[in-house]
Amino acid sequence: MKLPSHDAAARTPEDGGHRVHLPRFRAGPLRQVASRLLLALLVLVLTVVIVYVDRTGYHDNSDESVDFLDAVYYSTVTLSTTGYGDIVPYSDSARLSNILLVTPLRVLFLIILVGTTLEVLAERTREQYRLNRWRSALRDHTVVVGFGTKGRSAVQTLCATGLAKNRVVVVDPNHKVIEAANADGFAGVVGDATRSDVLLRAEAQRARQFVIATQRDDTAVLVTLTARQLNRGANIVAAVREEENAPLLRQSGADAVITSASAAGRLLGMSVQSPTAGAVIEDLIQQGSGLDLVERTVVKAEVGKSVRDTDDLVVSVLRGHRLLAYDDPDASPLQAADRLITIVRAPMVQE
């Protein structure tokens, strides 16, 4: 299979940054700055009104009188500085309004401006603190490469089986895709997952499993090679479009390879022959509703029993590296180290 040097579906963003994006649960910085600017403008307008209403109590050194433009000028320099002395209040009412109204407005105006700057600095510090804490606490998580239809469905299935959202890191080259992942509560890394530095930002070396759901098979091969190089013990599951590329994914280090096009075609063929059977298979692969296909360990009470004597409907028995069908003579009796592939109702999985 030919591996092109550039993959449009996994191209590094133009800005070259591979930042980690954690989910946000507050208003964006632009909205916060806009609200602060609006508040500052309201303070300025209120000050102008106060000065203009009491304009007869002010003295202008240039033309003796104070008009509307002079009121705006005086309010602007007074709120931003201590004034230049060219326009001054001389009547008792003007001086009293400066003490009781203009001075508090000046303090409020400065608080808004300084507060915006401090908020930006505090936001950067807080974001860095969250990122450092997230990195230090992230262990045995799931890295999902590609958050399209396949990747999103895989994450939904994992979360339906009990995986916490804070144990999932999404890697994708598209900023908007990562924003969508953040909106769903997942951390994200913007970048090309074929590069080791991008996967390292997702703490790939400490991940328990990888879900590789890229748009192209050649990209999936490169991501699998990179992930396996960084993490020898992780479980890697990859999706490919063409069945002929599945052996190459396994040679690259994938533990399981799902051929999306062939699987969809088989389900279509089955549904043509028996729509009910197709609906049952679709129900089995959709976690959280109806019937679920679950892998579990053999409990102590089941050791030594036949496959048919278990409480659940056993489909297969995993013994070491051997997968035994339920009717295989070697499947019974069950051993303590066996794992069972069973069909159960979804409420049992949620409990």
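**Close-up views of a predicted model**

**View 1. P333 lies in the loop between strand 12 and strand 13 (339-345).** The model is predicted. The peptide bond from S332 to P333 is cis. Its omega is near 0 degrees.

**View 2. Strand 11 (residues 313-319) pairs with strand 12 in the antiparallel sense.** Four bridges join the pair. V317 stands opposite L324 in strand 12. Strands of a sheet pair through backbone hydrogen bonds.

**View 3. The largest nonpolar core has 30 residues.** V171, F210 and L249 have the most contacts inside this core. Helix 7 (residues 217-230) gives the most to it, with four residues. A second, separate core has 10 residues, including V155, I178, A181 and V190.

**View 4. F210 and its contacts beyond four places in sequence.**

**View 5. D140 has a positive phi, near 50 degrees, and is not a glycine.** D140 sits in the loop between helix 3 (92-137) and strand 4 (142-145). D140 is partly exposed, with a relative accessible area of 45%.

**View 6. E203 has a positive phi of about 55 degrees although it is not a glycine.** The loop between helix 6 (196-201) and strand 7 (209-212) holds E203. E203 is buried, with a relative accessible area of 8%.

Notes: Residues are numbered from 1 along each chain as its sequence is written. This is a predicted model: local features need pLDDT of at least 70, side-chain atom pairs count only at pLDDT 80 or more; totals for chains, interfaces and linings use all residues. Side-chain values use heavy atoms; hydrogens and water are left out. Two strands pair if DSSP finds at least two bridges between them. Helices (H or I, at least four residues) and strands (E, at least two) are DSSP runs, numbered from the N terminus. A nonpolar core is a set of buried Ala, Val, Leu, Ile, Met, Phe, Trp, Tyr and Cys residues joined through side-chain atoms within 4.5 Å. Buried means under 20% relative accessible area, exposed over 50%, partly exposed in between (1.4 Å probe, protein chains only). Contact means heavy atoms within 4.5 Å.
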